[in-house]
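Have a look at the model, then go through the points in order.

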Amino acid sequence: MKKLCVLPLAAAALVLAACSSEKPGSASPAPSAPPAQSSASSAAPTSGGDTASIDPCSLVSAADLASYGTFKPPTNESAGGARLCTLNKEAAAVSETLSIGVGVRDAQGLDSVSDSGNGKTTGNVNGRKAVLAPRPPGGCLMALELGPSARVDLLVAADDAQKACGIAEKVADIVEPKLPKG
């Protein structure tokens, strides 16, 4: 467990590599449903159109994460089919280690979020479709939909998966309003 805390960037890269590259199908509405009876979706309209222009480091900053401590400057890389920005907390002890990664996946939607054997939960963040997938012993993935074939991954490595998922949910509340709509 401590090895994951010591190497949070490596853990984030492994989480990214664990995602599949399956492409989801497309659904069509039933032709018999009259337009007057259609209901609003629980998810905000999103577009997977021009996701290549999204800079993952523009979605979260050290200032956004100040309640968790002081973070080193972000690092950028490409890993596992995503453009990734990682922020690592300046920690005095291994138990205080925290790594937060934001990855933009231009060609993978929510359907391709893998279950690492610990289940995954679907829901929404501010009306946007989302999937939460714990990655024990100390990681968690929160994926936010950009469109049917694009998403933003929030990868958190902490000292345990439950704590990491709690932080991922809070970071999702910071990131979601910055994502393109419609």
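1. Val113 touches Lys120, Val131, Ala133, Arg135, Leu141, Ala143 and Arg151, leaving out residues up to four places away in sequence; contact here means heavy atoms within 4.5 Å. You'll find Val113 in the loop between β3 (99-105) and β4 (121-125). Strands are DSSP runs of E, at least two residues, and helices are runs of H or I, at least four, numbered from the N terminus.

2. A word on the source: this is a predicted model, where local features need pLDDT of at least 70 and side-chain atom pairs count only at pLDDT 80 or more, while totals for chains, interfaces and linings use all residues. Residues are numbered from 1 along each chain as its sequence is written, and side-chain values use heavy atoms, without hydrogens and water.

3. Is Val113 buried or exposed? Val113 is buried, at a relative accessible area of 3%; buried means under 20%, exposed over 50% and partly exposed in between (1.4 Å probe, protein chains only).

4. Now Asp153. Val113 and Asp153 sit 40 residues apart in sequence and 9.3 Å apart in space, C-alpha to C-alpha. The side chain of Asp153 also makes a polar contact with the side chain of Arg105 (2.6 Å). A polar contact is a pair of N or O atoms within 3.5 Å; within protein, one must be able to donate a hydrogen and the other to accept it, and residues adjacent in sequence count only if both atoms are side-chain atoms.

5. Arg105 itself belongs to strand β3. Arg105 counts as buried, with 0% relative accessibility.
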